[in-house]
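Please examine the sequence and the structure shown below. The briefing that follows describes them topic by topic.

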Amino acid sequence: FGVTFEDEVGIGTGPVREFFQLAAQAYLSPEAGLFVLTPDGSAYHPLGGVHTQLQKGHMEAFGRLLGLALRRGVLVGVHLSRVLIRGALDAPLCFDDLQDVDPDLHRNL
């Protein structure tokens, strides 16, 4: 797997890391409409509501991108919410996971 950028010289793993970083930033940007920051600003969580087929496709592509980065040993520096990670791992959710995405609701239940 190799990456080259137009009009840039780069060798080794630098261009590959930069590619994954730039691609992840594009998927996480507010303009993409896929993710929001958790209330404390520490992690990304999927935007709630109905998703179009295009958005679902972009979510799947983002997951594949992160999977490829993991397989290649590239740290992307993306912090995902515990709820999202547990869902991706098909792990059970617990009550305290709610704190990441809605601290007020967690506190008042």
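This is a predicted model: local features need pLDDT of at least 70, side-chain atom pairs count only at pLDDT 80 or more; totals for chains, interfaces and linings use all residues.

Residues are numbered from 1 along each chain as its sequence is written, and side-chain values use heavy atoms, with hydrogens and water left out.

**Overall build**

- The protein chain has five helices and two strands; helices (H or I, at least four residues) and strands (E, at least two) are DSSP runs, numbered from the N terminus.
- Read from the N terminus, the order of the elements is α-β-β-α-α-α-α.
- The protein chain has 109 residues, of which 23% count as buried; buried means under 20% relative accessible area, exposed means over 50%, and partly exposed lies in between (1.4 Å probe, protein chains only).
- When contacts between residues at least 6 apart in sequence are considered, 45% of them join residues at least 24 apart; a contact means heavy atoms within 4.5 Å.

- Leu28 belongs to helix α1, which covers residues 14-28, and Leu28 counts as buried at 8% relative accessibility.
- Leaving aside neighbours within four places in sequence, Leu28 is in contact with Phe35, Tyr44, Phe62 and Val78.
- Leu28 and Phe62 are 34 residues apart along the chain, and their C-alpha atoms are separated by 9.1 Å.
- Ala24 also lies in helix α1 and is buried, with a relative accessible area of 1%.
- Not counting residues up to four places away in sequence, Ala24 touches Phe62, Leu65, Val76 and Val78.
- The C-alpha atoms of Ala24 and Val76 are separated by 7.4 Å, although the two residues are 52 apart along the chain.

**The largest pocket**

- Rolling a probe the size of a water molecule over the atoms shows where empty space is left.
- On a 1 Å grid over the protein atoms alone, a pocket is an open set of points where a 1.4 Å probe fits, with protein on both sides within 12 Å along at least five of seven lines; lining residues have an atom within 4 Å of a point.
- The largest pocket has a volume of about 440 Å³, a volume being the space filled by probe spheres set on the grid points.
- Of the 18 residues that line the largest pocket, Leu66, Leu70, Val78, Leu80 and Ile85 are the closest to its centre.
- Helices α2 (53-72) and α3 (82-88) each supply at least two residues of this lining, and α2 gives the most, with six residues.
- By class, the lining has 16 nonpolar, two polar and no charged residues; Ala, Val, Leu, Ile, Met, Phe, Trp, Tyr, Cys and Pro count as nonpolar, Asp, Glu, Lys and Arg as charged, and the others, Gly among them, as polar.

**Salt bridges**

- The structure holds four salt bridges, a salt bridge being a side-chain nitrogen of Lys or Arg within 4 Å of a carboxyl oxygen of Asp or Glu.
- One of them joins the side chains of Glu60 and Arg64 (3.1 Å, N to O). These two residues are four apart in helix α2, so they are separated by about one helical turn.
- Glu60 is partly exposed at 47% relative accessibility, whereas Arg64 is exposed at 60%.
- Another joins the side chains of Arg82 and Asp100 (2.9 Å, N to O). This pair links distant parts of the chain, with Arg82 in helix α3 and Asp100 in helix α4 (residues 98-101), 18 residues apart.
- Arg82 counts as partly exposed, at 36% relative accessibility.
- The side chains of Asp97 and Arg86 also meet in a salt bridge (3.0 Å, N to O). Asp97 is in the loop between α3 and α4 and Arg86 is in helix α3, 11 residues apart, and the pair links distant parts of the chain.
- Asp97 is buried, with a relative accessible area of 1%, whereas Arg86 is partly exposed, at 29%.

**A positive phi**

- Most residues other than glycine have a negative phi.
- Asp90 has a phi near 55°, a positive value in a residue other than glycine.
- Asp90 lies in the loop between α3 and α4 and is exposed, with a relative accessible area of 71%.
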